[in-house]
Amino acid sequence: MKAPKLFFYILLAGASLSFLYPFYWMLLATLTPEAQIGALGFLPAGLTMDNYQLLADKIPIGRALLNSFIVAALSTTGVLVFGAMTGYVLAKMRFAGRNLLFFIIIFTMSMPFQLTLIPNYILMVELRWTDTLAALVIPALNSAFAILLFRQAFQSIPDDLIHAARVDGCSELRIIFQILLPNVIPAVITAGIITFMNSWNDVLWPLIVIRNEQLMTMPQLVALFAVGGRSEAQLGVKLAAAVLLALPIIVAYAVFQRHFIQSMASSGLKG
Amino acid sequence: MKIQVNKGGKKGRGLAPYIILSPYLLHLLLFVLFPIVFSVVLAFHKWNIISPMEYVGLDNIQRLFQDRLFWKSVLNTLKFLIVHIPLQIVIALALAYFLNEKILMRGFFRATFFLPVVISGVVVTMVWQQLYGLETGLLNRALIALHLPRVEWLSNPYMAMISIAVMATWKNVGLYVILFLTGLQTVPRSYYEAAEVEGASAWQQFRYITLPAINPTLFMVAVLSTIGGFSLFIEPYIMTDGGPLNSTLSAMLYIYKQAFGYYQMGYSATLGLFFALLIMSVVAVQKLVIEKES
């Protein structure tokens, strides 16, 4: 092996370790009795599940996991269904205002969210949606990114296919969901992964619209637990909450790693 | 099998397009267009949501320009960006460059670099809060083991924002490694071989072959990390609550506190509007600079 190459391997391995070790340490700390956490290195020091038990006694963590799953699943479904519908119209139909609509969608994608944050909060108050899951789901049902992704995917499908389906008497919705969607699975996966992950990790919006602990999602509950006094400065319990927040995404990432990376890279390329 | 002349596909179909678009249009109207208009209305009013709105003319805008804490929070955010963006570009480019060599386990390295990107900022911040701990934090323990003085990562007002910028780099760098790698892979290896034969130095190869290939990626990295940096919120919220001495009070955290700590809806909407315009101008300038360069 050439010397520079060995050098590359050492650097890459060092970098890998720096990305993995903090998470490994976090997991280890949650399984360690509080008194020993300060001296943790690479190996476990006494194994305990007490931190998780204590956590479940202190905050409704199971409920928060369920809330997060409900919110992420509903948002993702909405983004996929409405994204496919809107993307289809933009790609395959001609109508007055098409260029204007396309321009607006591009604008909403590059628009900083700070512009609409406060007015949207007020809207939630006026609609009496604060402290309901509707406030987390309904504003998240559409995504400009998903629309543009589906538009692009549908553009590459020949018009003949659609025309033949219309001749056979298919409705437009059947054309979208039964005929076209199976042909653009990569777009479905990309939009699905990005939306689910963003929803799962979003914390600012839930902090604004949810005050009732029973309706909080994971990131919000865990963040408030981390800054508040409820954990009574017990590090192991705090980190146990963080582990439960990270775990579902880590499992999904372990299974769909390649898709995650490709999806995020393509969303970066378009954003 | 192309029997029919292709006309029907794009022909107008009466109301059908609008009906299919209606869920999106309704959503757009309610959650995007109305809030934009409403934020402009709010900018001229004083309102705590409970009592009636009160027209105050340009008071909010005047207050914004005199609000020292807001300008401090903008400067803090800029300080974050000045550390974060160059660090992000250099580390991402270096890691991408190594990964682009013929090496074993490339997939494994890529996957580990990317891991923090998919994990919640809440988790990352909680872990790094421990790494940065003054007494028992891993980093200070390592420094002491090397007989170096410990660093006040989060308790020193000059250091705290830099520490947060380093953590944010660690969290996001994996994404930019992938983006740079994609750029690097567009350059055929034969270019480098030819340059080698011609006697081009490593720097010349980088300057004239690599850099032009990754130029669009550089722009994207700058824009994405600018937008991300301007949204900096949960990291200082959890780690420092904006302290010490407001040194990590990001603009987003300040707006959050104005709106939901003091319920100043008119003023915080003004801040949001102004801040959004600031972000859009910075991104526009970046775009101009990069386009001029290339």
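Visitor: How many cavities of 30 Å³ or more does a search of the whole structure find?

Guide: The search finds one. Bear in mind that this is a predicted model. The space in the largest cavity comes to about 30 Å³.

Visitor: Which residues line the largest cavity?

Guide: Its lining consists of A:A226, A:K238, A:L239, B:M126, B:Q129 and B:Q130. To read such a list, place the residues on their elements. At least two lining residues each come from α13 (235-255) of chain A and α5 (121-131) of chain B. The most is given by α5(B), with three residues.

Visitor: What is the lining of the largest cavity by class?

Guide: Three residues are nonpolar, two are polar and one is charged.

Visitor: What is the volume of the second largest pocket, and which residues lie nearest its centre?

Guide: The volume is about 820 Å³. The lining has 21 residues, and those nearest the centre are B:Y97, B:E101, B:R189, B:Y192 and B:Q205. Two or more lining residues are given by α1 of chain A, and likewise by α3 (68-99), α8 (189-198) and α9 (202-230) of chain B. By class, the lining of this pocket has nine nonpolar, seven charged and five polar residues.

Visitor: Next, salt bridges. What is the general idea, and how many does a search of the whole structure find?

Guide: Side chains of opposite charge can pair when their charged atoms come close. Over all chains, the search finds five salt bridges.

Visitor: Take A:K92 and A:D159. How far apart are their closest N and O atoms, and are the two residues buried or exposed?

Guide: The closest N and O atoms of A:K92 and A:D159 are 2.7 Å apart. This pair links distant parts of the chain, 67 residues apart: A:K92 is in helix α3 (residues 61-92) of chain A, and A:D159 is in helix α8 (residues 159-167) of chain A. Both A:K92 and A:D159 are buried.

Visitor: Which parts of chain A does the pair A:R230 and A:E213 tie together?

Guide: First the contact: the side chains of A:R230 and A:E213 form a salt bridge at 2.8 Å, N to O. A:R230 is in the loop between α12 (218-227) and α13 of chain A, and A:E213 is in the loop between α11 (204-209) and α12 of chain A, so the bridge ties together parts 17 residues apart in sequence. A:R230 is partly exposed, with a relative accessible area of 39%. A:E213 also counts as partly exposed, at 27% relative accessibility.

Visitor: Which parts of chain B are linked by B:D241 and B:K257?

Guide: The side chains of B:D241 and B:K257 meet in a salt bridge at 3.2 Å, N to O. B:D241 is in the loop between α10 and α11 of chain B, while B:K257 is in helix α11 of chain B, and the two are 16 residues apart. B:D241 is partly exposed, with a relative accessible area of 45%. B:K257 is partly exposed, with a relative accessible area of 27%.

Visitor: Last, the backbone. Which peptide bond is cis, with omega near -10°?

Guide: Most residues other than glycine have a negative phi, and most peptide bonds are trans. Here the bond from B:G243 to B:P244 is cis, with omega near -10°. B:P244 lies in the loop between α10 (234-239) and α11 (251-260) of chain B.

Visitor: What is the phi of B:H147, and where is B:Y263?

Guide: B:H147 is not a glycine, yet its phi is positive, about 60°. B:H147 is in the loop between α6 (138-145) and α7 (160-184) of chain B, and is exposed, with a relative accessible area of 75%. B:Y263, in the loop between α11 and α12 (265-293) of chain B, has a positive phi near 50°. B:Y263 counts as partly exposed, at 26% relative accessibility.

Conventions:
Residues numbered from 1 in each chain as written. Chains lettered and ligands numbered in written order. Predicted model: local features only at pLDDT ≥ 70, side-chain atom pairs only at ≥ 80, totals over all residues. Heavy atoms only, no water. 1 Å grid on protein atoms, 1.4 Å probe; cavity = no way out; pocket = protein on both sides within 12 Å on 5 of 7 lines; lining within 4 Å. Points joined across faces, edges and corners; volume = space filled by probe spheres on them. Helix = DSSP H or I, 4+ residues; strand = E, 2+ residues; numbered from the N terminus. Nonpolar A, V, L, I, M, F, W, Y, C, P; charged D, E, K, R; others polar. Buried < 20%, exposed > 50% of the residue type's maximum accessible area, 1.4 Å probe, protein only. Salt bridge = Lys/Arg side-chain N within 4 Å of Asp/Glu carboxyl O.
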